[in-house]
Amino acid sequence: MPASRAPRVPVEERLFSLVLALLATETGLTKTEILSTVQGYRQRWTQGDNAALERQFERDKDDIRELGVPLETIEEPGDTGNNQNLRYRIPRGAYELPDDIAFSSEETALLTLAAMVWREGTLSGESRRALLKLRSLGGTAPVPELDYAPRIRSRDAAFEPLQTALDRRLVVRFDYLKPGDDAPRARRVVPYALVQFQGRWLCSAIDPETDGWRTFLLSRIVSPVAVTAETATVPPDATAERALADLEALWEAQIAVVRADPASDAETRLLKRRGTVRRLDGALTVHWSDRHLLADELASFGPEVEAVSPPEIRALVVARLAALVADHRGTADSEASRG
Amino acid sequence: MAERAPALQAQDKLAFLLSLVPYLMDRGSVSIAEAAAHFKVPVAQIKRAVELIAVSGIPGETTQYQHGDLFDIAWDDFEQNGVIVLTNMVAIDDSPRFSAREAAAMIAGLQYLSSLPENADRAAIATLMSKLSRGASSAPSQVAVENAPTNDLLALVERAVEAGVQLEFDYAGVRGQVERRRVDPLRVESLDADWYLRGYDHLREAVRTFRLDRIAAPAVSDQPISFTASDVVLPEKLFEGSPDDVVVTVEIDTAASSFLADYAPDDIEGAGTSRTRLHLRVNQFGSLARLISGLPGRPVVIAPASARDAVSDWVSRASHRYGEDELFSVDGGLD
């Protein structure tokens, strides 16, 4: 019977039926058993060629696993390598939330807010589904007196492919443009963490050629990120926690001295920057992780600040200002387009 | 790729079914309206899901989906009283685990909120994060957000809200003048590293948005508030356009043009191979000069001349703080 004449079963009904069938089986079901008996497949199963239905099953398995459902494959003992005899099942213990995990109403409130953080980001689907599972537990959260609307954006187009690569330990390729360089450089690395530090997304990665540990600002990736099929191993200590700790250490260690006009916007904001200290002579010591980012920030304060030291920060600010002065002298003409 | 798009929606629907069943089992009997409110979904979505659950099940011994192999509900209660009661359960006993990415999204979200006074108890947050890790079907993805120290200003805002009094503080506007403002706090919003307080400003007699890092000398006043969050419908966007906005043309490296996305450029045109021209609406040139001088990608204001002059004046005055011959080349930074 052609597929078009089979009664139409909604996709979610087929997926739901598959999960139920695989949860209910101890020993697992073969592919043929699944395709010939489970709702949504059985209507399209024939005695002859089921290639299209088998491809459907492969996609469904991926979709289900993406939801965190541990769909596992068991090989028949003594019959390895025979695909037809593979058995599929969802082990209950790995599927169900452990009994001892419960969330108090305060925790539920915090998690609801944590999920809200991603409503515009790449992880919006994930956080929405995490909330469903949280609500599945029946707990309710008190309505907070102050309305919070926190938001993380992962606007950088590189975020999604980098996360896919880091979840699957795959090598990626992209062009990276360092400020001050004339042209981007092609990079080939294994990402191991995506971290947000001081409001910016960074990717920590290992260069498989040199085993060097690198940190890339997503905003400086100027080409699409190509996820290769090449897998690579990373050391066990290559974690997001370590990536953040490395950035914290860098932030802690690097200091610049700036003078800010009293009561200026620059002074108010620099004083709120993490770790800023006012020296006895009134100058501020500010911390930083990247000299170009700091120079951009200091330049934005215009005449309200002077970068005193170190010399390379001062020089970067001066260079930025000089370029801005030159670019805005007189009336705009084609000179401005020289890029 | 096109065939994958509907599957995403089906994934959400599946996650909903797998979450709804344990909730219904746990509740025993619950009205459709209450279930809808709990999951924050329309009543119709609950109804459709329950109707699907009621006819779903496992192939069973006979592989024929016999009556006992299916879920069942008390149909009369459902159709006449709007109450859901599961009368036969199949296969599912408990809520599903989180996926690696779902757990990572929640953990990173908690890290991002670490400056909130509610999150001051770091041990409790660590426990919560480990519960998420243990409740995931595989190790959470390596996505993390920097931990921030508790923000004392937010604690003050919360105290003002609890007490129903105005918050007062010095605020340096972009024009540079500092004024004492008295505000009914309505909402705290954030965008990545930038946090904002939205509130009714008694000085301006209107709803205003304040950057938390521009607020100085904050204090809880003894003046009662005039408005609470439920009295005021806040505009969705943090910064609303105003009739006296000026359209400014900016040219910038195409690779850096996304930095201007917040300023809602209404049309975009190429300018050479690697440069892009954008039209932004700005309220006054002081903030434009700050924005332009801090952006990467060599932004240049093209028009109008008054906007160009404002930027020129800002950066010229800035460069006068430095000596004539200070230019030299440097290298470094993050990789």
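A polar contact is a pair of N or O atoms within 3.5 Å; within protein, one must be able to donate a hydrogen and the other to accept it, and residues adjacent in sequence count only if both atoms are side-chain atoms. The model is predicted: local features need pLDDT of at least 70, side-chain atom pairs count only at pLDDT 80 or more, and totals for chains, interfaces and linings use all residues. Residues are numbered from 1 along each chain as its sequence is written, chains are lettered from A in the order in which they are written, and side-chain values use heavy atoms, without hydrogens and water.

**View 1. Polar contacts between chain A and chain B.** The interface holds 62 residue pairs in polar contact, both residues at pLDDT 80 or more.

**View 2. Salt bridge of Glu189(B) and Arg151(A).** The closest N and O atoms of this pair are 2.9 Å apart. A salt bridge is a side-chain nitrogen of Lys or Arg within 4 Å of a carboxyl oxygen of Asp or Glu. The rule finds 21 salt bridges across the interface of chain A and chain B.

**View 3. Strands S6 of chain A and S5 of chain B.** Strand S6 (residues 185-197) of chain A and strand S5 (residues 143-145) of chain B run parallel, joined by three bridges. Strands are DSSP runs of E, at least two residues, and two of them pair if DSSP finds at least two bridges between them. Leu194(A) has Val143(B) as its bridge partner in S5(B).

Notes: Helix = DSSP H or I, 4+ residues; strand = E, 2+ residues; numbered from the N terminus.
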